[in-house]
Amino acid sequence: MSVDRLAELSRPAPAAAPGTGGRYEMRPLLSGGSNDPNSMDGFLNEISHIQETIRTINDNVTRIQGFQSSALQAADAREEQRQRANAEQISQENQELMTHVKAKLKEIEPTSRNTDLAIRKNQFSNVTRSFMDAIQRHRAIAVEGQRAESRQLERQIRIANPHATPEEIDQAVSQAEQGRPAVFAQQLMQSMTNEQRRYDAQQTYDAVQERHEDIRRLAKSIEELSSLFEEMQFLLENQGKVLTTIEDQSYDVVNSLEKGNAHVGNAIKSAKATRRKKWICFGIFAVIIIIIVIVLVVELVPKNSGNDNQGQQQQ
């Protein structure tokens, strides 16, 4: 069963169920039965589910990139807002999926208690790296979108206030990228002359405010994605430490066994030497007994023979 699950990990993800609006249906945490992560089959099921979720995340990143590009090329403000709303919706969905994957990875994280640690460690490391790649891809798209929005904000400020200096514009853009309120941008807009205000100044001002908020939103997303990437990197490094600790313990066990075998070998040699010495001592003792017997026999036999001869002569 486990071998079959290993083969299934490379299969493509199934399409979203009809009626779900294309949204990915996430599996609940700590699901029992065949999804019990404590069993190997359950662990592989969870790995497969995470891989499917990562594929959905990558597909969403591609869609976000398309919406961002469409928003920048939109012919009117309404279409631009619609494309941005689409990008924001998919981005929020990806954030939910990433939070789900993070929780799942922590749920199935291999420990030293797993007897099949080597297989779990390999599968866990591969899927975690795939997740980190997806995070980096999403982050790169967010950074690209933020830069494009910053260029748009710069152009809008120049149009609304031609007298703004490059330093002032850079400061306004920097505030947006740092996620700070549009205080400096507001000051630039308020410094426009009455003559400039005649040319739909309020509409331009609103566009600048909206662009600033978009940059702030992207800055927050980039920060969250960077934090998530670091968290996953720490999780992966921790797994490496767990495996290293187990390998060190295994090495110590092997050394202990080798030392134990050496002690047993020495004990066997010592026992053989002891038995050999016992037999030598026994042999020496036997020889001594034999010699004593021979001496006694030699001493007693002549005396008895002499006594017998004397008795015959007297008769």
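The following exercises, with worked solutions, concern a predicted model.

Local features need pLDDT of at least 70, side-chain atom pairs count only at pLDDT 80 or more, and totals for chains, interfaces and linings use all residues. Residues are numbered from 1 along each chain as its sequence is written, and side-chain values use heavy atoms, with hydrogens and water left out.

**Exercise 1.** Determine where Ala74 lies and which residues it is in contact with.

*Solution.* 
Step 1. Ala74 belongs to the loop between helix H2 (40-72) and helix H3 (77-107); helices are DSSP runs (H or I, at least four residues), numbered from the N terminus.
Step 2. With a relative accessible area of 21%, Ala74 is partly exposed, a class between buried (under 20%) and exposed (over 50%), for a 1.4 Å probe and protein chains only.
Step 3. Neighbours within four places in sequence are set aside; Ala74 is then in contact (heavy atoms within 4.5 Å) with Glu79 and Glu80.

**Exercise 2.** State what secondary structure residues 279-298 have.

*Solution.* 
Step 1. An unreviewed UniProt entry lists residues 279-298 as "transmembrane region"; UniProt positions follow the numbering used here, feature names are shortened, and annotations may be inferred rather than shown by experiment.
Step 2. In the model, residues 279-298 are 100% helix and 0% strand (strands being DSSP runs of E, at least two residues).
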